[in-house]
Amino acid sequence: MNNLKTLAKLIRQERDPLLSRWRERVRQLPSARDLDTPTLTDHIPQLLEEIAAALEEGSDETIAEAVAAVTPPAHGVQRAEDGFDIVEVVAEYNILRGCIHDLADQNDVSLRGQASHILNRVLDGAIGLAVQTFATQRALDVQRRREEHLAFVAHDLKTPLNAISVAAKVLEHELAEGVSDGNSRMLRILSRNADNLGKLITEVLKENANLETDAGIKLERRRFELWPFVERLIHDMSPIAGTGSVRLANEVPDDLVVNADASLLMRIFQNLISNALVHAPQGEIIIGARQTGGDGTVECRIDDNGSGIPPEQLGSIFEKGETDQKAQGASGLGLPIVKTFVEAHGGTISVESEPGAGATFRFTLPEP
């Protein structure tokens, strides 16, 4: 019993040097190398106190209670956020075990018998709790990313689907007198099914309305000229803009080249233009861009001369769930998606607006 109390006292007295040695060894783990000291140390000081308390108690009947219900589970969640793998989570506990053994040896304290049993019970229990919560957190992260990706895809499907629906309605109206009954029926079927698909997509977006927007995105960058890219975009979105009621103008320099993921950039522009159409249903939307500085960064902008954005919304407009009441049925995902895609490129996005004077969205595409 004296041996147990001696080791408990030693752990408390030498806590700081013990933590220092533990940190030095744990930093050899790849995921721990760049962590700051508070994040790396996390709950280990409390765990050392739990070990000391268990040694002082001297009975393994209360060891399960000696491992606090908070520290190892919280540590497991933290390590999932830090990017550790499960082997590294186990390793850092075993490193602590080795440091305590070294401390005992240096002070001629025996770690045989009951002392070893108690130490192992506490650390093994901590490992079990930490690994369990680590694995659960990782599984939840994977599920969240899958659901978030589904929400992104569903939202981005709305733009081309709206174009199909509007184009079908325009054709049905303009060709009402000169089209055969069979073709007219086919146009109505096309329009009706496009509307049904739109409703299904809206339901998917509602189910995913509480998702975060920080999913990991793998870019496939390439260099391409921006002017023809925007010209094609304007052509594809013309049915949504209406039959001449909104003017989409391409003011991108014809020699400007960007280095970006073309698919994600298309979604960025589509969402921003769709947002502008809500505020300028009979106005003008200008797409422009310019190179800034000498580092290859390109700044893109979307101007509209619509109703503008209320000042109280400007600070939170890129946050999940924030949406303009004018956009009937809006999910609040469009602008957060834009922000996510811009930041995936290493860029930033901002908005300037005054009520009644339109709005200007700007985002940057840095050279990687």
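Tutor: With a pair of helices. This is a predicted model. The axes of helix α4 (residues 44–57) and helix α7 (residues 86–106) come within 12 Å and cross at roughly 50°.

Student: Why are α4 and α7 called oblique to each other?

Tutor: Angles under 35 degrees count as roughly parallel and 65 to 115 as roughly perpendicular. The crossing of α4 and α7 is at roughly 50°, so the two helices are oblique to each other. Their crossing is right-handed.

Student: Which residues of α4 and α7 meet?

Tutor: From α4, I44, L47, L48 and I51; from α7, Y93, L96 and I100. The residues of this contact are seven nonpolar, no polar and no charged.

Student: What makes α2 oblique to α7?

Tutor: The two pack at an angle of about 135°, their axes being 9 Å apart. Roughly antiparallel requires an angle over 145 degrees, and roughly perpendicular ends at 115. The angle therefore makes α2 oblique to α7. This crossing is right-handed.

Student: How do the residues of the contact of α2 with α7 divide into nonpolar, polar and charged?

Tutor: Eight are nonpolar, one is polar and four are charged. On the α2 side the contact has L18, R21, W22, R25 and V26. These meet E92, I95, L96, G98, C99, I100, D102 and L103 in α7.

Student: Why does R27 count as partly exposed?

Tutor: Buried means under 20% relative accessible area and exposed means over 50%. R27 has 24% relative accessibility, so the residue counts as partly exposed. R27 lies in the loop between α2 (15–26) and α3 (37–41). Leaving aside neighbours within four places in sequence, R27 is in contact with A32, R33, L35, D36, T37 and L40. R27 and E92 are 65 residues apart in sequence, with 9.4 Å from C-alpha to C-alpha.

Student: Does V122 count as buried or exposed, and why?

Tutor: The relative accessibility of V122 is 1%, and the cut-off is under 20%, so V122 counts as buried. V122 is placed in helix α8 (residues 114–174). V122 and L55 are 67 residues apart in sequence, yet 9.7 Å apart in space, C-alpha to C-alpha.

Student: What makes strand β3 (residues 257–261) mostly covered?

Tutor: Four of the five residues of β3 are buried.

Student: How do you know that β1 (residues 221–225) and β3 pair?

Tutor: Pairing needs at least two bridges. Five bridges join β1 to β3, and the strands run antiparallel. R221 stands opposite D261 in β3.

Definitions and conventions: Residues numbered from 1 in each chain as written. Predicted model: local features only at pLDDT ≥ 70, side-chain atom pairs only at ≥ 80, totals over all residues. Heavy atoms only, no water. Axes fitted to C-alpha atoms, helices over the stretch in contact; angles between N-to-C directions. Left-handed = near helix turned anticlockwise from the far one by under 90°. Contact = heavy atoms within 4.5 Å. Nonpolar A, V, L, I, M, F, W, Y, C, P; charged D, E, K, R; others polar. Buried < 20%, exposed > 50% of the residue type's maximum accessible area, 1.4 Å probe, protein only.
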